[in-house]
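This briefing covers salt bridges, strand pairing and surface charge. The sequence and structure come first, followed by the points grouped by topic.

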Amino acid sequence: MAENTVTRADLSEAVYQEVGLSRNESAILVESVLTEIADTLTRGETVKISSFGSFSVRQKGQRIGRNPKTGQEVPILPRKVLVFRASNVLKSMINSGTGDNSVDGAPLPTDSSDSVHQSQTAPEQPVTTFGTGSPFNQPGN
Amino acid sequence: MTKSELILRLAEDNPHLYQRDVERIVSTIFDEISTALARGDRVELRGFGAFSVKTREARTGRNPRTGESVSVAKKSVPFFKSGKDLRDRLNGRK
């Protein structure tokens with residue numbers, strides 16, 4: 001499946017279509033939303049967007065790393081990293097197959113044209129939900 | 001900061017807009033990102049970061065309480081990688 005990349009321009013276009021501001025102003029507002037989120041995170045504050053996810057800043061301590069090429073030890077300085085935790089709504093949206101890739105285990109009839117690495121990656125495993133006893137790998141009897 | 005606080009702040013900065021419109025703008029942006037990810041697309045916002053979808057292969061897990069083996073189906077998870085500019089800003093390099 002050809003995977004597309006969505007950019008600022010697409011977000012602005014959606015805002016333009018949906019809200020009816022000018023294209024120019026839509027673009028400016030998309031930018032302000034991102035700037036506002038970035039500014040808040042820079043202050044060290046968490047940003048929570050309901051039904052989407054939350055962004056938070058985590059402090060990492062110093063540790064010793066290695067230059068993989070030379071094997072030389074280099075200190076990795078303490079730093080801040082940004083972590084995103086997706087909400088359950090977003091996670092289930094991604095797994096409910098609004099998309100094209102069949103994630104919920106239904107085997108697709110593979111077209112010979114684009115089955116480059118399809119052949120090996122289709123384990124024929126029945127989907128067992130958590131909790132019900134799996135008939136597989138059970139010890140005993 | 002929550003989504004409603006974000007909306008309030010943007011409404012303050014844009015007094016010519018109705019708050020209702022600001023709400024729709026913010027919702028549209030996040031809806032658009034969500035549907036793109038659900039389609040399997042990537043969302044790249046230079047300087048801010050990129051959202052993408054990663055797949056987790058099916059595996060055999062265990063019920064931590066009973067120790068029973070359970071097969072966990074293949075699934076997709078959203079992933080966010082922060083952009084360089086934002087990362088640098090967090091560390092006070094800009």
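In this predicted model, B:Arg39 and B:Asp41 form a salt bridge whose closest N and O atoms are 2.5 Å apart. B:Asp41 counts as buried at 4% relative accessibility, whereas B:Arg39 counts as partly exposed at 36%. Over all chains, a search of the whole structure finds twelve salt bridges.

**Salt bridges**

- Side chains of opposite charge can pair when their charged atoms come close.
- In chain B, B:Asp21 forms a salt bridge with B:Arg24, with 3.9 Å between the closest N and O atoms.
- Both B:Asp21 and B:Arg24 belong to helix H2 (residues 19–38) of chain B, where they are three residues apart, about one turn of the helix.
- B:Asp21 has a relative accessible area of 11% and is therefore buried, the cut-off being under 20%.
- B:Arg24, with a relative accessible area of 34%, is partly exposed.
- A network of salt bridges links B:Arg20, B:Asp21 and B:Arg24.
- In chain A, a salt bridge joins the side chains of A:Arg43 and A:Glu45 at 3.6 Å, N to O.
- A:Glu45 is partly exposed, its relative accessible area being 29%.

- Strands of a sheet pair through backbone hydrogen bonds, either parallel or antiparallel.
- An open sheet of four strands has the order E1(A)-E1(B)-E2(B)-E5(B), with mixed pairing.
- Its edges are strand E1 (5–6) of chain A and strand E5 (75–82) of chain B; each has a single partner strand, so one side of each is left without a neighbour in the sheet.
- Strand E2 (residues 49–56) of chain B runs antiparallel to E5(B), and eight bridges join the two.
- B:Thr55 stands opposite B:Ser76, which is in E5(B).

- Chain A has three helices and six strands.
- Read from the N terminus, the elements of chain A follow the order β-α-α-β-β-β-β-β-α.
- Of the 141 residues in chain A, 24% are buried.

**Surface charge on chain A**

- A:Arg58, A:Lys60, A:Arg63 and A:Arg85 form a positive surface patch.
- Within chain A, A:Arg63 is placed in strand E4 (residues 63–66).

Conventions: Residues are numbered from 1 along each chain as its sequence is written. Chains are lettered from A and ligands numbered from 1 in the order in which they are written. This is a predicted model: local features need pLDDT of at least 70, side-chain atom pairs count only at pLDDT 80 or more; totals for chains, interfaces and linings use all residues. Side-chain values use heavy atoms; hydrogens and water are left out. Patches are made of residues with over 30% relative accessible area and no salt bridge: like charges are joined within 9 Å, nonpolar side chains (Val, Leu, Ile, Met, Phe, Trp, Tyr) within 5 Å. Accessible areas come from the Shrake-Rupley method with a 1.4 Å probe; for residues, only the protein chains shown count as cover. A salt bridge is a side-chain nitrogen of Lys or Arg within 4 Å of a carboxyl oxygen of Asp or Glu. Lys and Arg count as positive and Asp and Glu as negative; His and the chain ends are not counted. The place of a charge is taken as NZ of Lys, CZ of Arg, CG of Asp or CD of Glu. Two strands pair if DSSP finds at least two bridges between them. Buried means under 20% relative accessible area, exposed over 50%, partly exposed in between (1.4 Å probe, protein chains only).
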